[in-house]
Every structure is written in structure tokens, then in C-alpha cells.
Amino acid sequence: MAHPKRKISTTRRDTRRAHDFGTPRHLGVDPQTGETHLYHRAHVHEGNLFYKGKMIVEGFSVK
């Protein structure tokens, strides 16, 4: 079985693990509808699809 030749320092180990934590999702409020949604994502409000405050598709249904 393979073994490391040198002990990995705690600084090197912790630097690698610094990217393991999750980050909170960024939420925005649509100025047109007041709906809370994820940034850079279209969202459905009352059957219509909105993106950047503009209606993209009317009568949109999520399947």
C-alpha cells in the first residue's frame, strides 16, 4: 500500500479543506413581481416565466 514520503503540514491540509464548505445561495427580488428567486435564473410567477424583470413566456407550466 502506498504511503506518503513526508507528512502533509497542517497549513497545506487546511488550505485544501478551505474549499469544502458550502456557500449560501444568493437570492434576489424581481422588481416587476416582487418574487424572490435565485440570481441569473428565470422564475415562474402566476403561470408566467420572468427573467430580469421581464415576462419571457406567457402561460408557462412546470412539468
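His45 stands opposite Asn48 in β4. I begin with this pair, where pairing of two strands requires that DSSP find at least two bridges between them. This is a predicted model, in which local features need pLDDT of at least 70 and side-chain atom pairs count only at pLDDT 80 or more, while totals for chains, interfaces and linings use all residues. Residues are numbered from 1 along each chain as its sequence is written, and side-chain values use heavy atoms, with hydrogens and water left out.

His45 itself lies in strand β3. Helices (H or I, at least four residues) and strands (E, at least two) are DSSP runs, numbered from the N terminus. Strand β3 covers residues 43–45 and is joined to β4 by three bridges, the two running antiparallel. Is His45 buried or exposed? His45 counts as buried because its relative accessibility is 19%; the term buried means under 20% relative accessible area, exposed means over 50%, and partly exposed lies in between, with a 1.4 Å probe and protein chains only. If residues up to four places away in sequence are not counted, His45 touches Thr33, Glu35 and Phe50, a contact being heavy atoms within 4.5 Å.

Let me move to the turn that follows. The hairpin of β3 and β4 has two residues between the strands, and Glu46 takes a positive phi near 50 degrees there. Glu46 has its place in the loop between β3 and β4. With a relative accessible area of 72%, Glu46 is exposed. As background, most residues other than glycine have a negative phi.

The next hairpin is formed by β4 and β5, again with two residues between the strands. Strand β4 (residues 48–51) and strand β5 (residues 54–57) run antiparallel and are joined by three bridges. Within this pairing, Tyr51 stands opposite Lys54 in β5. Which residue in the turn has a positive phi? In that turn, Lys52 has a phi of about 55 degrees. Lys52 sits in the loop between β4 and β5 and counts as exposed, at 67% relative accessibility. Between the C-alpha atoms of Lys52 and Arg17 there are 36 Å in space, and the two residues are 35 apart in sequence.

His37 is found in strand β2, residues 36–38. His37 is buried, as its relative accessible area is 15%. Leaving aside neighbours within four places in sequence, His37 is in contact with His26, Leu27, Gly28, Val29, Asp30 and His43. The loop between β2 and β3 holds His40. For His40, phi is positive, near 60 degrees, in a residue other than glycine. His40 counts as exposed, at 65% relative accessibility.

With these local features in place, I come to the chain as a whole. How many helices and strands does the protein have? The secondary structure comes to one helix and five strands, and read along the sequence the pattern is α-β-β-β-β-β. The protein has a radius of gyration of 22 Å, whereas a compact globule of 63 residues would have one near 11 Å. That radius is taken over C-alpha atoms, and the globule rule is 2.2 Å times the number of residues to the power 0.38. Along its principal axes, the C-alpha trace spans about 65 × 25 × 15 Å.

What share of contacts between residues at least 6 apart in sequence joins residues at least 24 apart? That share is 0%. Buried residues make up 14% of the 63 residues.

I close with surface and charge. The accessible surface of the protein comes to about 6100 Å², and 54% of that surface belongs to carbon and sulfur atoms; accessible areas come from the Shrake-Rupley method with a 1.4 Å probe, and for residues only the protein chains shown count as cover. The protein has 12 positive and 6 negative charges, and their mean positions are 22 Å apart. Here Lys and Arg count as positive and Asp and Glu as negative, while His and the chain ends are not counted. Each charge is placed at NZ of Lys, CZ of Arg, CG of Asp or CD of Glu.
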